[in-house]
Amino acid sequence: MSALPVVTGRAHLLGDDVDTDRIIAGKYTKTLDVSSLAEHLLEDYDPALAARIRPGDVLVAGENFGLGSSREQAPVAIKAAGVSCVLARSFARIFYRNAINIGLSVVEVPKHSVSDGDTVTVDVNQGLVLNDTRSERYSATRMPPVMGQILAAGGLVPYLRAGGDYSVEDDQ
Amino acid sequence: MTSAEKLLSRKAGDAVRAGDIAVVPVDGAFATDTTAPMAIKAFEAMGGERVWDPARMSLVLDHATPAPNERIASLHVMIRDFARRNGAHFYDVGDGICHQLMMENGHVAPGDLFVGADSHTPTLGAVGAFAIGVGSTDLAAVMLRGRIWLKVPRTVRIELSGALRRGTYAKDVILHLVGRLGIAGASYESVEFGGSTVAGMTLASRMVLANMVAEMGAKTAFVDPEGLELPGALAGRDLPRWDEIRADDGAEYRIVHHVDVGDLGPQVAAPHLPSNLKDVRELRGVKVDMGFIGSCTNSRLEDLHVAASILRGRRLAPGVRLVVTAASRRIFNQALADGTVEVLSNAGATFITSGCGPCVGTHQGVPGDGETVISSTNRNFRGRMGNPNADTYLGSPAVVAAAAVAGELVDPGEFLPGPEGQA
């Protein structure tokens, strides 16, 4: 399995239970124009946040990130905004699966003390997160191998194009 | 084994247990106008030309219907074309809400492995299916291969006993459970409902229970099939015996919760989380501007009947509007034929297209700044109904109807006909 790039970015700190309606509101979801999704990213959470996000930045959330709707527009909006990785203490299941399926790196880190503006380095392959600002390291929960393979392929579309079908032997 | 372990073992062709990962064939799937466009794009990018089995695939226009603008209208064109080219089942504007359509048209049956590109797909667990919500790209892969990979979930068992009090319904039970277990109280898990109360519930009420497991983070729901009235569309179908799909005695649960439903008063979820639980009597006096009776949670015939029993011969409070939708065209026609639509309309209610309507904040009843909504839907996240400067409370159709008459949150028992205990 090919390795995912190690990413370094500035952290935007988010709270617990950030739902997909606040990530991208229902009124904006019916579109195939991903740049319009990025414009409205997290608008009902913090209307000024989208403008502060720079390519490579990292979203750092609390518990249950992405609860609610199955709308894949939520991770698509995050990716389109240039976010390199979403780190959370825990994720809601459909969001987590959707993010991996579209090739957005997500890392579950049950314990961290990242503050807004910290610089963090994420190595999804090793399951390691470094807080460069505070010289701390946190460990990530391991994802099932099939998910790691889908993410490493760049998402489910390239994964299925390359392999033709799911491989779950490593998960047994 | 739990119901989830049994259903997935049947599909995997091998005994699987909680924590195992399995690749299983899919018996039925659908996407909506929110999820289908991205799914079609991903399907084509995967090299897909034809849906794996068009008889098992449905496309439903329900989230923004009729199209409120040219952009959405053009996405509807794309979905219609895709359905026609593939020969898949297609439900157009006004036919109804995806989960209701899957149920009443027999697209889902007991024991099925069902995948819907909508988070409330666990609703179909009411008929004994293993039904999960996914996003567009997973749905695309199902359309391509007819299979999906899944982790077998652990299970939370809910035992319901006792009789529902006057003015309380399945909605009050599930709101109570979301509040008690928490907004992530069953994350990644299956929620299994059983007990004497469930055995006496209609299919519509079972769908209410299964629907809102999504608000505990659950992957799926399963309602014990004892006492189940099957949808008419399944008549004559070869179905599994109940003991083939329901949990075994001695199944291993993460936890078992017992609830005597007779202890519950009317429940309301206050802004801005479905788990922010209150008894309606704690909220007495909260003024409302709008009521909504609709959504995949609560817009079936029994819900409209409850609303009509409260609104018959009454008028909405001055300054209050009430928006109502039936979960499907079939239900609307039943409510039309039995006089329910007339009762609600005479009271001042506005009927809108059968579909998701204002629940998803796109059109047909977006609240204004500073306004308060009481809604029979399932989510009250900030901005959910289209305006982050409005508040949404969630309750049963009875709570909504009573609030629309009173102009504020009240115990619906005050408006139900007949003496205590006869409603």
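How many residues does the contact take from chain A, and how many from chain B?

A: The contact takes 38 residues from chain A and 47 residues from chain B, two residues being in contact if their C-beta atoms, placed from the backbone, lie within 7 Å. On the side of chain A that touches chain B, helix H1 (20–23), helix H2 (26–29), helix H6 (93–101) and helix H8 (156–163) of chain A each supply at least two residues. H6(A) gives the most to that side, with five residues. Helices (H or I, at least four residues) and strands (E, at least two) are DSSP runs, numbered from the N terminus.

The model is predicted: local features need pLDDT of at least 70, side-chain atom pairs count only at pLDDT 80 or more, and totals for chains, interfaces and linings use all residues. Residues are numbered from 1 along each chain as its sequence is written, while chains are lettered from A and ligands numbered from 1 in the order in which they are written.

Chain B contains 13 helices and 18 strands. Its C-alpha atoms fill a box of roughly 55 × 55 × 40 Å along the principal axes. The radius of gyration of chain B, 21 Å, agrees with the value near 22 Å that a compact globule of 423 residues would have; this radius is taken over C-alpha atoms, and the globule rule is 2.2 Å times the number of residues to the power 0.38. Of these 423 residues, 61% count as buried. A residue is buried if 20 or more other C-beta atoms lie within 10 Å of its own, exposed if 12 or fewer, and partly exposed in between, with C-beta atoms placed from the backbone. Among contacts in chain B with a separation of 6 or more, 78% join residues 24 or more positions apart.

Within chain B, five strands form an open parallel sheet in the order S4-S3-S2-S5-S6. Strand S4 (89–91) and strand S6 (130–133) of chain B are the edge strands, each pairing on one side only. From one strand to the next, the twist averages 15 degrees. Strands pair if DSSP finds at least two bridges between them; four bridges join the parallel strands S2 (residues 28–32) and S3 (residues 57–60) of chain B. B:Phe30 has B:Ser58 in S3(B) as its bridge partner.

Helix H2 (residues 36–45) of chain B is mostly covered, with seven of its 10 residues buried; among them are B:Met38, B:Ile40 and B:Phe43. Just after H2(B), B:Gly47 takes a positive phi of about 95 degrees.

Another helix pair of chain B is formed by H10 (residues 301–311) and H12 (residues 340–347), whose axes come within 9 Å and cross at roughly 45 degrees. Axes are lines fitted to C-alpha atoms, for helices over the stretch in contact, and angles run from 0 to 180 degrees between N-to-C directions. H10(B) and H12(B) are therefore oblique to each other: angles under 35 degrees count as roughly parallel, over 145 as roughly antiparallel, 65 to 115 as roughly perpendicular and the rest as oblique. The residues that meet include B:Leu304 and B:Leu311 in H10(B) and B:Val343 and B:Leu344 in H12(B).

Finally, B:Val373 lies in strand S17 (residues 372–375) of chain B. B:Val373 is buried, because 28 other C-beta atoms lie within 10 Å. Beyond its neighbours within four places in sequence, its contacts include B:Val288, B:Met290, B:Phe292 and B:Met385.
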